[in-house]
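Subject: Structure for your files

Hello,

The structure is placed below, followed by notes on what was found in it. Please read them side by side.

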Amino acid sequence: MDFYVMTLFPQMILQAASFSILDRAQKQGRISVHGVDIREYSHNKHRHVDDAPYGGGAGMVMQAPPVYEAYEAICRKVGARPRVAYMTPAGETFTQKKARELAREENLVLLCGHYEGIDQRVIDEIVTDEISIGDYVLTGGELPALVVIDAVARMIDGVLGNEESAGEESFSGMLLEYPQYTRPADFRGRKVPEILMGGNHEEVRLWRLERAMETTMEKRPDLLRPEGMSREERGIYERLREKFLEKSLASKGHL
Ligand code: ADE
């Protein structure tokens, strides 16, 4: 899959994508991350791509023509008109589901704004998706674009090695990670749970499933979908729920 990031700061994207799993995935040819410098499409001898807003007000607005021409150049290169995701706090909140959906694209363009925003007319002309990575305002779309690239890339076949499989979101919902431990076996008096030292793979598997479900129930119960659980998951879920109920009744002095 090819990511094309339209930005005033292509180095920010290329640098960040040159480490760890994104770097390996690029070297293996599974993904490519291209920085498309909007400034290259400036119409101005000073290479400016922004101007004062019509109607007045503070700040500068990114002009439509350079953004549009940068997109057209990408289209010519790939011989198609790929989806364009505009990074904006006004977009739909990015989720694992959206990451999986975008991972099916052959090419994906990510548009990063700066200054006070981008001329609405080029947004109306080329943008197909508006994505927010959360309810806070950043100084530009580059960090959000990197978040999207990272989450989408790890959904692509072969990007994660056998050792690092993508925790599947199943019909039972998304489970948060179970706790992990490595040597030493005793850290400041805190011991590794016995069951993990016993070497019984089935016991370890069940313990991890239960811890994952417990963490999810405590921290993000909204992620669980009991109706889609297997018998095994449902059993663990019901047992944990009773435990929680008892604990919360006890803490309120009802038991
Ligand atoms: N640009 C600025 N803030 C952003 C956010 N929270 N998500 C996506 N793009 C942004």
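Helix α7 (residues 201-219) packs against helix α8 (residues 231-251) at an angle of about 50°, and their axes are 10 Å apart. Axes here are lines fitted to C-alpha atoms, for helices over the stretch in contact, and angles run from 0 to 180 degrees between N-to-C directions. Helices (H or I, at least four residues) and strands (E, at least two) are DSSP runs, numbered from the N terminus.

This is a predicted model: local features need pLDDT of at least 70, side-chain atom pairs count only at pLDDT 80 or more, and totals for chains, interfaces and linings use all residues. Residues are numbered from 1 along each chain as its sequence is written, and side-chain values use heavy atoms, with hydrogens and water left out.

α7 and α8 are therefore oblique to each other (angles under 35 degrees count as roughly parallel, over 145 as roughly antiparallel, 65 to 115 as roughly perpendicular and the rest as oblique). Residues of α7 in contact (heavy atoms within 4.5 Å) with α8 include Leu206, Leu209 and Met213, and the α8 residues they meet as a group include Ile236, Leu240 and Phe244. By class, this contact has 8 nonpolar, no polar and 11 charged residues (Ala, Val, Leu, Ile, Met, Phe, Trp, Tyr, Cys and Pro count as nonpolar, Asp, Glu, Lys and Arg as charged, and the others, Gly among them, as polar).

The largest nonpolar core has 31 residues, and Phe3, Ile31, Phe94 and Val148 are among those with the most contacts inside it. Such a core is a set of buried Ala, Val, Leu, Ile, Met, Phe, Trp, Tyr and Cys residues joined through side-chain atoms within 4.5 Å; buried means under 20% relative accessible area, exposed over 50% and partly exposed in between (1.4 Å probe, protein chains only). α6 gives the most to this core, with 7 residues. Leaving out residues up to four places away in sequence, valine 148 touches Met87, Phe94, Leu102, Leu110 and Ile131. Another core, of 22 residues, lies apart from it and includes Ala70 and Ile74.

Some backbone points remain. Most residues other than glycine have a negative phi, and most peptide bonds are trans. The bond from arginine 183 to proline 184 is cis, with omega near 5°, and proline 184 sits in the loop between α6 and β8 (186-187). Serine 20, in helix α2, has a positive phi, near 55°. Serine 20 counts as exposed because its relative accessibility is 60%.

Regards
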